[in-house]
Amino acid sequence: MKKVISFSGKGGVGKTTSLVLFLKYILEKNGHINILVIDSDPDANIADVIGQNIHFSDTIGGKMKVLKEKIQKRQLPLDVPKNQIIEGDVYKSIIELDKFDIIEMGRTEGEGCYCYINSVLKNVIDTLSKNYEITLIDSPAGLEHFARKTGRNVTDLIIVTDPSKMGLHTMRRILEITKEVNLRFENIWVLGNRFPDNLTENLEKEIEKLNDDHVKFLGVLPNDDEISEFNMKGENLLNISQDNLTYQKAKEIFSKIL
Ligand SMILES: Nc1ncnc2c1ncn2[C@@H]1O[C@H](COP(=O)(O)OP(=O)(O)OP(=O)(O)O)[C@@H](O)[C@H]1O
Ligand SMILES: [Mg+2]
């Protein structure tokens, strides 16, 4: 059973944090499984949270910048189709870590049209995730990538929200836009992050109000001082203790998906 699980939501609600807790859970449960992590957020990066230092030239954005320059200077070989070159670059961008692979999208800098490159990238990433049992995608905070219909092969969409009006507003917008552009998912989950116990019920009510059987309440994670500390000190969140209560809660929640 191949799963492509994407984390989306308003900026700063905890997409990256919950993705890394999920990753820890999978590694613990199925150590030998093939996992790909796609960091498609050009601003924030998972690498920081898991204590990796990834250089811009190793990101897709970095590779595409070089490619664009070559196209402009007409330095590309004429006998190789451009999409093959892009595909090759994507495969070269896979960073193989000990227990999983990671692809960092990085930012596409500078002026000029990236439309062609982006459309090829979309397909390559869909193809690439077929080689992995589990693909975890950290989405950018905005809604724009949904409008562009990236993530057509996502099986599980997790919408993360904090206990705020704006977090919930973004959740509803994501659901509207994915419907408008006809993006389909096997499952749509809502995850509350930094939620105090007394507001959990409110989140469940908000989900009921959507009147959409397809959208399910995944659970809530509390605010956690140890998570803040790991983040501030730049420590690898994958090393958070087994005894951490939020991690224990996360495992229970994520077992609904896998
Ligand atoms: N449950 C939690 N307890 C304590 N701190 C948390 C928790 N969840 C997230 N944080 C902190 O909140 C900040 C934002 O979290 P995170 O980077 O995961 O959000 P994000 O949605 O990925 O943000 P962005 O939209 O910028 O990518 C980080 O400093 C993180 O350590
Ligand atoms: Mg993030």
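Between which two elements is the loop in which R194 lies?

Reply: R194 lies in the loop between β7 and α8 (200-209), where helices (H or I, at least four residues) and strands (E, at least two) are DSSP runs numbered from the N terminus. Before going further, please note that this is a predicted model, in which local features need pLDDT of at least 70, side-chain atom pairs count only at pLDDT 80 or more, and totals for chains, interfaces and linings use all residues. Residues are numbered from 1 along each chain as its sequence is written, chains are lettered from A and ligands numbered from 1 in the order in which they are written, and side-chain values use heavy atoms, with hydrogens and water left out.

R194 has a phi near 60°, a positive value in a residue other than glycine. With a relative accessible area of 42%, R194 counts as partly exposed, a class that falls between buried (under 20%) and exposed (over 50%), using a 1.4 Å probe and protein chains only. Another residue with a positive phi, of about 60°, is N211, which is not a glycine either; N211 is found in the loop between α8 and β8, and its relative accessible area of 71% makes it exposed.

Strand β7 (residues 187-193) pairs with β8 in the parallel sense over 6 bridges, pairing being counted when DSSP finds at least two bridges between two strands. Within this pair, W189 stands opposite K216 in β8.

Contact here means heavy atoms within 4.5 Å, while axes are lines fitted to C-alpha atoms, for helices over the stretch in contact, with angles from 0 to 180 degrees between N-to-C directions.

One residue of α7 (residues 165-180) is T178, which is buried because its relative accessible area is 3%. Leaving aside neighbours within four places in sequence, T178 is in contact with F146, L183 and F185.
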